[in-house]
Amino acid sequence: MGLFSRKSRQPPVHIGDPRFDDWETVGEYEDLSTASAFAGRLAELEIPNALTSDWPLDRFGRGTIYLQVPAHRYGDAAVALDASD
């Protein structure tokens, strides 16, 4: 990595990761940039979240992407996302 290299600001998408099986889905998106924006909003509010998918995204970052939160934070996340619309 060079001096001016940048890391991607988009959070990773966890593909088929069983760690999130008991988390609740608060949003479903078709592209990584949109999903990342909503995940970033929750992160700003200190609501833990993860982007997940059952299948790898295509080369353009498209696919079915789920925004998930721990079950006990579902209400907070839903209110925060409703306010963001």
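**Close-up 1. Pro 48 in the loop between H1 and S3.** Pro 48 is partly exposed, with a relative accessible area of 37% (buried means under 20% relative accessible area, exposed over 50% and partly exposed in between, with a 1.4 Å probe and protein chains only). The residue sits in the loop that runs between H1 and S3, where helices (H or I, at least four residues) and strands (E, at least two) are DSSP runs numbered from the N terminus. Once neighbours within four places in sequence are set aside, Pro 48 is in contact with Trp 23, Gln 68, Val 69, Pro 70 and Arg 73, contact being heavy atoms within 4.5 Å. Although Pro 48 and Arg 73 are 25 residues apart in sequence, their C-alpha atoms are 8.0 Å apart in space. This is a predicted model, in which local features need pLDDT of at least 70 and side-chain atom pairs count only at pLDDT 80 or more, while totals for chains, interfaces and linings use all residues. Residues are numbered from 1 along each chain as its sequence is written, and side-chain values use heavy atoms, with hydrogens and water left out.

**Close-up 2. Glu 46 in the loop between H1 and strand S3.** Glu 46 lies in the loop between H1 and strand S3 (50-53), and its phi is near 60 degrees, a positive value in a residue other than glycine. Glu 46 is exposed, with a relative accessible area of 67%.

**Close-up 3. Ser 53 in strand S3.** Ser 53 belongs to strand S3 and is buried, its relative accessible area being 3%. The side chain of Ser 53 reaches the backbone oxygen of Trp 55 at 2.7 Å, a polar contact (a pair of N or O atoms within 3.5 Å; within protein, one must be able to donate a hydrogen and the other to accept it, and residues adjacent in sequence count only if both atoms are side-chain atoms). Leaving aside neighbours within four places in sequence, Ser 53 is in contact with Val 13, His 14, Ile 15, Gly 16, Thr 64 and Tyr 66.

**Close-up 4. The aromatic pairs.** Rings of Phe, Tyr and Trp (its six-membered ring) pair if their centres lie within 6.5 Å, with planes under 30 degrees apart counted as stacked, over 60 as edge-to-face and the rest as tilted; by this rule there are two aromatic pairs. The rings of Phe 20 and Trp 23 have centres 4.9 Å apart and planes at 85 degrees, so this pair is edge-to-face. The rings of Tyr 29 and Phe 38 have centres 5.1 Å apart and planes at 15 degrees, so that pair is stacked. Phe 20 is buried at 9% relative accessible area, Trp 23 is partly exposed at 21%, and Tyr 29 is buried at 12%.

**Close-up 5. The largest nonpolar core.** A nonpolar core is a set of buried Ala, Val, Leu, Ile, Met, Phe, Trp, Tyr and Cys residues joined through side-chain atoms within 4.5 Å. The largest has 14 residues, of which Leu 42, Ile 47, Leu 51 and Leu 67 touch the most other members. Helix H1 (32-44), strand S4 (62-69) and helix H2 (74-84) each supply at least two residues of this core, and the largest share, four residues, comes from H1. In the chain as a whole, the elements run β-β-α-β-β-α from the N terminus on, and buried residues make up 29% of the 85 residues.
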